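User: I would like to learn how to read a few features of this model. Please take them one at a time.

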Amino acid sequence: MSDSPVVDLVTLGQRLRHQRKSKNMTLEQLSEAVGRAPSQLSLIENGKREPKLSVLQAIAGALGVPLQDLLRPEAPSRRAGLEIDLTHFQQSPAYGGLGLPVVKGGRRLPADALESLVGLHRELNRLLTEQSATPEVARRANAQLRVDMRERDNYFAGIEEAAARVLRSVKHTTGPLSQRGILDIAAQLGFSLHYVNDLPGSTRSVTDLVGRKIYLPQVASGKGHDPRAVVLQTLGHFVLGHPEPADYGDFLRQRVEANYFAAALLMPENFAVEFLREAKADRALAIDDFRDAFGVSYETAAHRFTNLATHHFGIPVHFTRVHENGIVYKAYENDGVRFPADVTGAIEGQPICRKWASRTIFQADDPYSSFYQFTDTSAGTYWCTVHIESTRSGEFSVTVGTPYEHARWFRGGDTARRTVSRCPDPGCCRRPPASLVDRWAGHAWPSARVHSHLLAALPPGTFPGVDAQDVYEFLDRRA
């Protein structure tokens with residue numbers, strides 16, 4: 001149905017059958033009413049044919065129900081929901097590869113047998129999901145998440161509204177969110193905060209959902225995490241109604257949404273947009289000013305800028321967090337810049353061009369001062385502002401960039417620093433100069449530093465990397 005909302009065909013078929021039977025109509029009677037063969041309607045009811053919108057309108061009219069009733073995503077009954085689940089499970093490549101027959105979920109299948117089959121499929125699906133949580137799966141999930149973020153310009157209207165409601169509930173009316181405000185938010189949501197010295201090492205926080213207690217470390221982790229953000233991210237999962245993650249992609253999506261929620265509280269949209277609007281009017285947009293105005297980290301300010309810049313001001317942007325060794329740790333773009341990517345479309349783990357500002361800043365005379373650069377690339381010329389953050393894992397450059405024509409809105413948009421990047425042409429920066437090749441080719445044998453985690457599967461479980469036994473024992477001690 002190219003001219004109608006995207007719906008699940010199996011659910012649509014179940015809703016159609018449910019409505020037809022509730023009207024005591026046979027397929028033949030409905031067929032005569034809408035001028036379609038019973039076999040065609042049977043295919044639609046079994047989720048095997050996508051009907052045109054005109055056909056659906058005729059069916060809805062014959063049944064005397066609004067079209068929207070047929071298009072709703074909910075199953076019409078619990079039994080129908082189980083039959084829908086069974087159909088979906090049996091359509092999966094994993095089940096198809098087993099070579100087993102397809103079991104029809106019609107009324108002849110006893111209810112207990114249907115329950116048992118669906119339960120077995122769910123467990124099989126869970127085990128397969130855990131077993132397939134490899135680095136490749138993670139890269140593909142991250143690549144898809146980036147596509148979703150790009151399509152919405154990294155702006156989540158629903159999360160902005162949820163954050164605004166929370167701020168109104170504690171009567172926060174102006175400026176940055178204080179620590180007192182965070183305590184008020186936690187109390188408003190029915191949680192109490194407890195700082196402890198024995199939090200499980202695999203966690204940043206642990207929430208007791210029965211006692212409504214959030215446990216946090218007494219001392220900051222030293223990895224650049226804002227302790228306020230950790231609290232707000234935890235609360236975000238509950239405000240946004242997150243269930244337990246179904247798979248790794250779901251886990252990533254929830255983490256992005258919780259991080260977004262925290263930033264939307266620390267840098268409320270209405271105040272942040274007004275701040276940026278005034279700076280843009282003065283042609284003095286600057287991430288460090290944005291950071292200082294709200295008392296957050298540079299990376300948080302850079303992320304928040306990408307949330308608001310395109311949606312409110314029409315400024316396309318890109319963002320990177322790059323290690324001093326040139327490897328990309330985080331990236332986002334909606335401005336057409338061409339990041340290096342592997343065959344799965346993943347950017348993380350790829351080396352970025354040596355001519356890009358994310359790399360050249362490390363060779364600057366004063367890399368800790370304001371750094372701006374234009375870079376000519378095959379996709380166009382981009383202006384970037386870069387900041388270095390030091391962590392226990394080394395130094396990272398945090399970059400916000402935009403196409404040439406938008407540089408005029410930023411402080412440093414008139415910089416004379418300029419480079420030319422021809423990547424992915426290996427002659428740009430991947431291939432050593434001929435003089436070095438002539439001198440050393442065949443006379444060098446580097447011993448590579450291989451990180452074992454690159455070869456290992458991701459930790460299994462609902463929350464990857466978290467040791468459930470440690471968490472439960474911790475909660476038992478605190479109960």
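Analyst: Start with burial. Buried means under 20% relative accessible area, exposed over 50%, and partly exposed in between, with a 1.4 Å probe and protein chains only. Cys423 has a relative accessible area of 17%, so Cys423 is buried. Cys429 is buried too, at 10% relative accessibility. This is a predicted model: local features need pLDDT of at least 70, side-chain atom pairs count only at pLDDT 80 or more, and totals for chains, interfaces and linings use all residues. Residues are numbered from 1 along each chain as its sequence is written, and side-chain values use heavy atoms, without hydrogens and water.

User: Where does Ala416 lie, and is Ala416 buried or exposed?

Analyst: Helices (H or I, at least four residues) and strands (E, at least two) are DSSP runs, numbered from the N terminus. Ala416 lies in the loop between strand E8 (394-403) and strand E9 (418-420). Its relative accessible area is 78%, so Ala416 is exposed.

User: What is the place of Asp470?

Analyst: Asp470 sits in helix H20 (residues 468-478). With a relative accessible area of 34%, Asp470 is partly exposed.

User: And where is Leu100?

Analyst: Leu100 is in the loop between helix H7 (93-96) and helix H8 (111-131). Leu100 is partly exposed, at 49% relative accessible area.
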